[in-house]
Amino acid sequence: MSDSDSSGELVLPAPTLLHVDPDNTIRILLATDNHVGYLERDPIRGQDSINTFREILQLAVKHDVSILLAMYGGRAIRNATLNPLPVDFILLAGDLFHENRPSRDCLYQVIGLLRQYTMGDKPIQVELLSDPNEGKAASYDFPAINYEDPNLNVAIPVFSIHGNHDDPQGAGTEGALCALDVLSASGLINYMGKFDLPLSEADAQTEGIAIRPVLLRKGVTHLGLYGVGNVKDQRMHFELRSNRVRMYMPRNRDDWFNILLLHQNRVRHGPQESVPEGMFDDSVDLVVWGHEHDCQIVPQPVTGKPYYITQPGSSIATSLADGESIEKHVALLQIQGKQFEIKPIPLRTVRPFVLEDVVLSEAAEEEGFELNDQIAVSKFLKSRVNALIDQANKLWDDRNARAVEDGDEPLPHMLPLVRLKVDTTGVSEMSNPIRFGQEFQGRIANPRDVLVFHRAKRTTRSSKVTIDQPELSIDDPDLSATEKLSKVRMQTLVKEYLAAQELQLLGEAGMSDAIQIFVEKDDSHAIQTHVTAALKALMKGVQANGEVDEGDLDNVLVKIKEQHETEYAERNRAGQTAKGKGKARADDSDNASVDSMMMEVDGGGSDVDFDNDRDLGAPPPPKKAKRAVATKAPAKKAPTKGRGKKVVESEGEEAIDLDSIEDDDEEPAPKPAKRTNRGAVLSQPSKKPPAKRGASSKAKDSTQSTLTFGASGRTSTRAAASRARGKMASTASTSTYLRDCQF
């Protein structure tokens with residue numbers, strides 16, 4: 001029977017499996033946004049992310065379905081059966097690392113944990129049907145799927161896409177790389193969802209995003225994994241609206257359960273700064289949504305679409321916001337045929353987090369104190385913080401009590417995270433919040449930011465909400481100092497600074513992008529690389545003009561610089577054209593793009609049949625292209641596996657001004673990088689997983705068909721995209737370097 005939510009809308013019940021057949025059921029542990037390395041230098045919270053990641057891997061190894069049923073169905077079930085049923089593999093939806101360049105300590109711990117918990121003698125129960133070499137490193141011979149490598153002993157495979165924190169960067173000989181590439185080359189994870197973007201504006205108008213699946217089978221259950229690593233939301237929105245996101249689908253698509261992993265904004269931040277929920281193909285059965293940190297792990301249906309969305313949320317609180325205070329979970333996803341079931345599993349090692357909103361003007365009326373009496377206000381706030389600490393400690397005790405009832409060991413007490421948001425409207429000044437937090441040292445994990453002050457926003461005469469605000473200048477005389485800090489965009493500030501330098505050889509747009517990559521991605525070579533490339537291009541332009549008189553040299557340089565700036569703007573406009581087209585279609589329904597992600601592929605054979613190769617967003621292929629003929633090959637067993645696994649400073653009390661300052665994050669413009677070469681042809685015979693040791697082998701006369709996908713034939717660059725993280729002070733140090741570049 002369906003229920004109704006608080007708004008009165010009908011809420012469908014979550015999908016369930018009435019009968020679980022272990023031989024035909026694929027079990028997956030879902031997690032996302034682990035953010036390993038967050039606050040790693042913090043003496044209290046430095047190991048939180050790695051401890052929770054360890055717990056997730058432990059759940060994958062020792063997870064018992066009977067114990068999970070006992071958590072939700074009573075202890076009698078748990079005592080009745082204790083058959084260990086570990087998961088078949090782990091699925092991560094991005095942001096495994098918090099930093100784009102994780103520290104050596106982070107890499108060391110993650111590699112050690114993956115080796116300890118995912119390597120071993122346990123036979124792999126899922127059969128790989130797609131090409132194991134699809135997406136492999138071009139310079140090496142080992143397959144992209146680690147358990148197909150005869151030199152590795154993998155017990156629990158890990159599949160992952162990249163997020164916006166750990167996305168590929170750089171322009172080396174191997175193209176754009178990220179930390180997941182390192183783990184993939186080490187044989188510890190299976191990196192998926194890394195696709196190529198067009199090189200030029202002309203290519204961008206005809207080519208889109210091609211998604212090739214990882215095809216798996218267990219018994220009668222066929223599973224397709226479609227991974228889409230993080231790209232700029234504007235780009236993804238444009239590709240979806242333009243029907244240029246292509247999925248390679250088997251012909252018998254009705255027999256496959258398809259999972260789409262993506263790492264994008266789900267909450268609407270602007271006209272194109274999110275991905276609408278209803279724009280995916282109807283062949284998708286479940287969308288695993290990363291990037292959003294609030295846990296909404298129970299599958300949610302999408303209006304007008306046949307698929308569900310699950311949002312596991314982060315496994316660690318990276319901000320003291322409302323969404324982070326929701327209890328953290330991972331999930332056990334069970335798939336049998338075309339049916340599935342998701343069961344949340346609470347994480348025990350997550351630090352308890354509670355928060356509360358307080359309006360001082362209302363509290364003063366209720367408690368009977370004066371707003372200008374700082375001693376009385378401070379006393380009231382301390383009482384509220386003490387109440388929150390008691391609440392957090394009770395949450396931890398209750399969590400431990402439930403674990404003990406289920407037969408687990410209690411965990412030692414952890415200091416909680418506490419946040420008190422204080423509305424100071426009508427209050428002229430307050431005591432220093434850092435000084436306030438010193439009294440709670442040793443009782444909470446975040447004494448320096450336990451308090452946050454804000455004021456109610458003033459209502460304007462116009463009720464319209466203007467999404468695209470004009471860029472404000474730092475030199476605007478009508479803006480106060482506070483308004484300049486809160487409203488002037490970082491990108492505008494950098495451009496104005498560069499324009500004031502009167503650069504003679506370097507373009508302002510290219511230098512602005514290089515500085516942003518230096519700040520956001522910690523790429524110390526970004527500015528040097530751009531300057532070197534720009535100077536080489538100028539020299540080639542001068543040489544193309546032949547002999548140039550010294551008096552005409554300045555005019556030639558100016559013309560060449562203007563030409564390069566125009567070309568640079570046109571290259572970047574390939575990703576920016578989404579703005580105009582997206583706004584023109586802003587009134588269209590999200591459901592208008594039916595089958596916007598469909599891409600069928602060639603193939604043949606008895607097990608899997610495929611339709612003809614068809615590109616919905618690009619011109620038809622030339623007639624010369626021949627149909628790939630699939631050849632039958634005997635099922636190949638994996639080789640026998642070998643041995644398995646084994647000071648917070650005190651500050652003086654002072655009164656502070658309470659003018660609120662809001663950070664305005666700005667998305668940097670995409671910057672071209674070196675080409676990546678990730679396209680491959682799916683033309684290898686599928687392989688069978690190794691049989692269990694000690695189990696009788698079954699004779700099989702049937703042969704496994706070969707899957708042949710159409711070649712992508714594209715190589716391109718990965719555009720760097722992320723949010724600024726407070727390093728703008730470093731840009732000031734580039735001024736001397738910029739002046740040295742002037743001639």
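Trainee: In which helix does tyrosine 117 lie?
Mentor: Residues are numbered from 1 along each chain as its sequence is written, and side-chain values use heavy atoms, with hydrogens and water left out. Helices (H or I, at least four residues) and strands (E, at least two) are DSSP runs, numbered from the N terminus. Tyrosine 117 belongs to the run of residues 104–118, helix α4.

Trainee: Is tyrosine 117 buried or exposed?
Mentor: Buried means under 20% relative accessible area, exposed over 50%, and partly exposed in between (1.4 Å probe, protein chains only). Tyrosine 117 has a relative accessible area of 14%, so the residue is buried.

Trainee: Which residues does tyrosine 117 touch, not counting those up to four places away in sequence?
Mentor: A contact needs heavy atoms within 4.5 Å. Valine 61 is 56 residues from tyrosine 117 in sequence, yet their C-alpha atoms are 6.7 Å apart. Tyrosine 117 touches Arg54, Leu57, Gln58, Val61 and Ile156.

Trainee: What kind of aromatic pair do phenylalanine 89 and phenylalanine 159 form?
Mentor: Rings of Phe, Tyr and Trp (its six-membered ring) pair if their centres lie within 6.5 Å; planes under 30 degrees apart count as stacked, over 60 as edge-to-face and the rest as tilted. The structure holds eight such pairs. For phenylalanine 89 and phenylalanine 159, the centres are 5.2 Å apart and the planes at 75°, so the pair is edge-to-face.

Trainee: How many residues apart in sequence are the parts that phenylalanine 89 and phenylalanine 159 tie together?
Mentor: Both phenylalanine 89 and phenylalanine 159 are buried. Phenylalanine 89 lies in strand β4 (residues 89–92) and phenylalanine 159 in strand β6 (residues 158–160), so the distance in sequence between the parts they tie together is 70 residues.

Trainee: Is the pair of phenylalanine 369 and phenylalanine 380 stacked, edge-to-face or tilted?
Mentor: Phenylalanine 369 sits in the loop between α8 (360–367) and α9 (374–405), and phenylalanine 380, eleven residues away, in helix α9. Phenylalanine 369 is buried at 13% relative accessible area, and phenylalanine 380 is buried at 11%. Their ring centres are 5.4 Å apart with the planes at 35°, so the pair is tilted.

Trainee: How many residues of helix α7 are buried?
Mentor: Helix α7 covers residues 233–241 and is mostly covered.

Trainee: How many disulfides does the structure hold?
Mentor: A disulfide is a pair of cysteine sulfur atoms within 2.5 Å. Among the cysteines, cysteine 178 is buried at 8% relative accessible area and cysteine 295 at 13%. The number of disulfides is zero.

Trainee: How many contacts does the model have beyond four places in sequence for residues 64–83?
Mentor: The mean pLDDT of the protein is 75, and 66% of its residues reach 70 or more. Over residues 460–468 the pLDDT is below 50, with four contacts beyond near neighbours in sequence. Where pLDDT is low, the predicted coordinates should not be read in detail. Residues 64–83 also stay under 50, and their number of contacts beyond four places in sequence is 32.

Conventions: Predicted model: local features only at pLDDT ≥ 70, side-chain atom pairs only at ≥ 80, totals over all residues. pLDDT = per-residue confidence, 0-100.
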